[in-house]
Amino acid sequence: MRLVLNILWLIFSGVWMALGYLVAGVICCILIITIPWGIACFRLAVYALWPFGYTARQRSDAGVASGVGNIIWLIVAGIWITIGHVVAAVGFFVTIIGIPFGIAHLKMIPISLMPLGREIVPTDGVLAVGAR
């Protein structure tokens with residue numbers, strides 16, 4: 001079932017979201033000082049391609065720099081990306097059959113709000129314990 005959901009997600013939402021995150025990541029890497037956010041965008045792009053069966057969790061080695069970077073990200077991009085996920089989720093919820101995709105959009109909100117100091121892990125793996 002996960003495979004079917006991921007393929008449908010890829011067709012209806014994943015490709016476009018991943019392309020957006022990839023473009024943002026390239027722009028961030030070109031600007032050099034924003035490379036940490038570029039790497040986070042690339043991580044989000046991979047998660048946007050195949051979200052079912054994966055979850056985001058806080059890294060245990062994330063420090064103060066991640067917190068400060070997340071606050072900057074939240075102000076500059078995080079709020080806007082989150083609004084996009086909420087709007088897309090509502091659109092999918094309206095279609096009834098798209099409810100799993102709406103849930104996937106809502107699942108992506110925490111990592112799109114504060115991507116630094118987080119990692120993507122399989123939901124059935126040992127590392128997913130304590131995922132938020």
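The model is predicted, so local features need pLDDT of at least 70 and side-chain atom pairs count only at pLDDT 80 or more, while totals for chains, interfaces and linings use all residues. Residues are numbered from 1 along each chain as its sequence is written, and side-chain values use heavy atoms, with hydrogens and water left out.

**Exercise 1.** State which secondary structure elements the chain has and how its radius of gyration compares with that of a compact globule.

Step 1. The chain has four helices and two strands, where helices (H or I, at least four residues) and strands (E, at least two) are DSSP runs numbered from the N terminus. Their order along the sequence is α-α-β-α-α-β.

Step 2. The radius of gyration is taken over C-alpha atoms, and the globule rule is 2.2 Å times the number of residues to the power 0.38. For 132 residues a compact globule would have a value near 14 Å, and the chain agrees, with 14 Å.

Step 3. The C-alpha trace spans about 40 × 30 × 20 Å along its principal axes.

**Exercise 2.** Locate Arg-2, say whether Arg-2 is buried, partly exposed or exposed, and list its contacts beyond four places in sequence.

Step 1. Arg-2 lies in helix α1, which covers residues 2-30.

Step 2. Its relative accessible area is 42%. Buried means under 20%, exposed over 50%, and partly exposed in between (1.4 Å probe, protein chains only). Arg-2 is therefore partly exposed.
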